[in-house]
Amino acid sequence: MEEEISTRVRSKTFLLSLLILLGFGGVHRIYAGKIWTGILQFVTGGGFVIWQIIDMIMILCGSFRDKEGRII
């Protein structure tokens, strides 16, 4: 069975994930529709940066999913 692809753009999601360098961790999750985990990541500084790095790797590998479970 073929995986559904999100309408969100992977490159934009990755660029938003880089905002942790400016102190705005979690913006990429809000873009992906994961509002609550995005807010949690913002409050914790990207999950003390570890969560942010894991998300960045998942985005680059193509395994990060949006709120509906579709691959971005």
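Author: A residue is called buried when its relative accessible area is under 20%, exposed when that area is over 50%, and partly exposed in between, as found with a 1.4 Å probe and protein chains only. The model is predicted, and local features therefore need a pLDDT of at least 70, side-chain atom pairs count only at pLDDT 80 or more, and totals for chains, interfaces and linings use all residues. Residues are numbered from 1 along each chain as its sequence is written, and side-chain values use heavy atoms, with hydrogens and water left out.

I35 is found in helix 3; here a helix is a DSSP run of H or I with at least four residues, a strand is a run of E with at least two, and both are numbered from the N terminus. Together with I30, W36, I39, F42 and V43, I35 forms a nonpolar patch on the surface, with about 650 Å² of accessible area in total. Such areas come from the Shrake-Rupley method with a 1.4 Å probe, and for residues only the protein chains shown count as cover. Patches are made of residues with over 30% relative accessible area and no salt bridge; like charges are joined within 9 Å, and nonpolar side chains (Val, Leu, Ile, Met, Phe, Trp, Tyr) within 5 Å. Helix 3, residues 35-43, supplies the largest share of the patch, five residues.

The term salt bridge now needs its own meaning: a side-chain nitrogen of Lys or Arg lies within 4 Å of a carboxyl oxygen of Asp or Glu. There are six salt bridges in the structure. One of them joins the side chains of E3 and R65, with 3.2 Å from N to O. Since E3 lies in the segment before helix 1 (10-17) and R65 in the segment after helix 5, this pair ties together parts that are 62 residues apart in sequence. E3 is partly exposed because its relative accessibility is 43%, and R65 is partly exposed at 30%.

A further pair is E68 and R8, whose closest N and O atoms are 3.6 Å apart. It links distant parts of the chain, with E68 in the segment after helix 5 and R8 in the segment before helix 1, 60 residues apart. D66 and R70 also meet in a salt bridge, at 3.2 Å from N to O. D66 is buried because its relative accessible area is 2%, while R70 is partly exposed at 21%. R8, D66, E68 and R70 are linked in a network of salt bridges.

Helix 1 shows a further arrangement. Its buried residues are T13, F14, L16 and S17. Viewed down the axis of helix 1, these residues fall within an arc of 160°, so they line one face of the helix. The arc is that of the directions from the helix axis to the C-beta atoms. An α-helix has 3.6 residues a turn, so residues three or four places apart point the same way. Helix 2 (27-31) and helix 5 are among what covers the buried residues of helix 1.

Helix 5 (residues 50-61) also holds W51. Leaving aside residues up to four places away in sequence, W51 touches R29, T37, L40, Q41, T44 and G46, where contact means heavy atoms within 4.5 Å. W51 is partly exposed because its relative accessibility is 23%.
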